[in-house]
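Before we read individual features, please look over the model and its sequence, shown here.

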Amino acid sequence: MMECYPGIENSAMFATLRHSMEGRTSHRMINEFLYSDGAKGWFELSIQPAPDGIFILSSDITKHKQAEDEILKLNAELEEKVAERTAELAAANKQLRQLSLVDELTGLYNRRGFLLLAEEQLLLARRAKRNLLIFYADLDGLKQINDELSHTAGDEAIAQAARSLSETFRNTDIKARIGGDEFIVMAIEAEGHNAEALLRRLHEKLAEHNQCMSVGVVSYNSEDEVPLEDIIAEADRAMYKEKRRKPGRREV
């Protein structure tokens, strides 16, 4: 509805509206109001100057505002659901990735996890000129445990050996079960002279549970451009050399 309001030049309303019109040919404003039943409504005023006053076009835009608010509400709910779903997917992906890198029996990394993380640490060691130690270990007597007791007992022996490894090495070291009764550890920022102390601590931990491991150790010099596979192979050979030296060996 358009209306002309002449003769209000001296009113406070006119002064306010005229001030809002300064430098403009028209002006629009939206105001809230309450219906008699207490419901909220909105109206839009379109104000234009006139020779003897001002023209005001007043429109009830309540339904439009309600529809607009409903769309905003739905969009906000949708964004919230998308954010929740995104977080759920990220958590699921993280869990799947962890499951694909972790050995289920021991909680240590599996071969894939070890190779992935060890390659990263090897590159960091070369850049930072830091040395590493690789321990390749085989649990002695597992075949006898499986044959004479049970494979369940064998699994528990493997899990206990993994716990001894975790108690011996730091959280930052990469510990993995790479198959059967074989384990590998990459000790970060470790030197050759640390190997003896770590081996002694590991054997003490194993002895607490009447276990023993054959362990081969290789010291990696950051100045050498040796592939990770070659370092692992060298540690593996050192482990078998150690195993063959043991008296009364019943398995290879």
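The dialogue that follows goes from the whole chain to its strands and then to a pair of helices.

Q: What does the secondary structure of the protein chain come to?

A: This is a predicted model, and in the protein chain the secondary structure comes to seven helices and eight strands. Of the 252 residues in the chain, 35% are buried, and among the contacts with a separation of 6 or more, 60% are accounted for by residues 24 or more positions apart.

Q: How many residues of β5 are buried?

A: Eight of the eight residues of β5 are buried, so this strand is largely enclosed by the rest of the structure. The strand itself covers residues 132-139.

Q: How do the side chains of a regular strand alternate, and which residues of β5 point one way and which the other way?

A: The general idea is that side chains in a regular strand alternate between the two faces of the sheet. In β5, Leu132, Ile134, Tyr136 and Asp138 point one way, whereas Leu133, Phe135, Ala137 and Leu139 point the other way, and all of these residues are buried.

Q: In which sense does β5 pair with β8, and over how many bridges?

A: β5 and β8 pair in the antiparallel sense, over eight bridges, and within this pairing Phe135 has Val217 in β8 as its bridge partner. β8, which spans residues 213-220, is mostly covered, with six of its eight residues buried.

Q: Over how many bridges does β5 pair with β7?

A: The pairing of β5 with β7, the strand of residues 182-187, is antiparallel and runs over six bridges. Here Tyr136 stands opposite Ile184 in β7.

Q: At what angle do the axes of α3 and α7 cross?

A: The axes of α3 (residues 111-128) and α7 (residues 228-245) come within 10 Å and cross at roughly 110°. Since angles of 65 to 115 degrees count as roughly perpendicular, α3 and α7 are therefore roughly perpendicular to each other. Their crossing is right-handed.

Q: Which residues of α3 and α7 meet, and how does their contact divide by class?

A: From α3, Phe114, Leu115, Ala118, Glu119 and Leu122 meet Leu228, Glu229, Ile231 and Ile232 of α7. Sorted by class, the contact of α3 with α7 has seven nonpolar and two charged residues, and no polar ones.

How values were computed
Residues are numbered from 1 along each chain as its sequence is written. This is a predicted model: local features need pLDDT of at least 70, side-chain atom pairs count only at pLDDT 80 or more; totals for chains, interfaces and linings use all residues. Side-chain values use heavy atoms; hydrogens and water are left out. Buried means under 20% relative accessible area, exposed over 50%, partly exposed in between (1.4 Å probe, protein chains only). Helices (H or I, at least four residues) and strands (E, at least two) are DSSP runs, numbered from the N terminus. Two strands pair if DSSP finds at least two bridges between them. Axes are lines fitted to C-alpha atoms, for helices over the stretch in contact, and angles run from 0 to 180 degrees between N-to-C directions. Angles under 35 degrees count as roughly parallel, over 145 as roughly antiparallel, 65 to 115 as roughly perpendicular and the rest as oblique. A crossing is left-handed if the near helix is turned anticlockwise from the far one by less than a right angle, and right-handed if clockwise. Contact means heavy atoms within 4.5 Å. Ala, Val, Leu, Ile, Met, Phe, Trp, Tyr, Cys and Pro count as nonpolar, Asp, Glu, Lys and Arg as charged, and the others, Gly among them, as polar.
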